[in-house]
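Below is a short note for a colleague who is meeting this structure for the first time. The points take up charged pairs and then nonpolar packing.

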Amino acid sequence: MPLALRTPRLLLEAYTPEDEERFVALFQDTRVSRWMGDGPVAEAEDRALFGRIFTKVYAQDLFDVWAVRRDWLLVGHAEIKRTDAVDGHEIVYALAPEAWGSGLGTELAEALVVYGFRTLGLSEVHATVDARNTASLRLLGRIGFAHVRDIEEDDGSLTRVLTRPAR
């Protein structure tokens with residue numbers, strides 16, 4: 001289970017079984033899921049993913065994954081995990097559209113970076129972002145990430161690899 005993290009306005013803590021409906025709603029919202037993994041998937045796949053958080057990720061202590069809460073309500077998802085795509089640790093985050101535009105994304109991304117440096121002892125943290133996701137690219141640029149390379153996906157789209165070194 002991941003350590004709980006607090007930011008001025010957010011609480012990042014382990015998911016509970018009661019979070020399933022909000023988790024599925026978050027990932028079924030195409031405004032969010034279009035930027036996650038391979039994009040929107042069937043509801044059954046999101047429910048299976050939620051189940052694997054408990055049966056695989058938490059049970060085997062594979063990596064840190066959190067429910068993101070504001071005022072005790074689930075408003076997002078966050079992870080930091082090792083990935084071969086960047087040969088290092090990558091942050092992954094998503095917020096529900098009702099939380100957009102209020103600075104919570106910056107607060108969340110920065111909390112993940114700090115966790116990577118202070119708790120995991122990393123020398124750098126990475127993010128992979130669809131080149132069309134200009135909001136996330138701007139956000140990560142503001143908090144010190146730099147574009148290092150592109151990955152061309154099978155469908156011809158580009159994924160930007162960004163890195164932030166420890167300071």
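1. A salt bridge here is a side-chain nitrogen of Lys or Arg within 4 Å of a carboxyl oxygen of Asp or Glu. The model is a predicted one, in which local features need pLDDT of at least 70 and side-chain atom pairs count only at pLDDT 80 or more, while totals for chains, interfaces and linings use all residues. Residues are numbered from 1 along each chain as its sequence is written, and side-chain values use heavy atoms, with hydrogens and water left out.

2. Asp-130 forms a salt bridge with Arg-132, with the closest N and O atoms 2.7 Å apart. Asp-130 is buried at 17% relative accessibility, whereas Arg-132 is exposed at 57% (buried is under 20% relative accessible area, exposed over 50%, partly exposed in between, with a 1.4 Å probe and protein chains only).

3. Glu-107 and Arg-9 also meet in a salt bridge, at 2.9 Å from N to O. Glu-107 lies in helix α4 and Arg-9 in the loop between β1 (5-6) and β2 (11-13), so this pair ties together parts 98 residues apart in sequence. Helices (H or I, at least four residues) and strands (E, at least two) are DSSP runs, numbered from the N terminus.

4. The largest nonpolar core has 29 residues, and Leu-12, Ile-91, Leu-140 and Phe-145 have the most contacts inside it. Its largest share, seven residues, comes from α4. Such a core is a set of buried Ala, Val, Leu, Ile, Met, Phe, Trp, Tyr and Cys residues joined through side-chain atoms within 4.5 Å.
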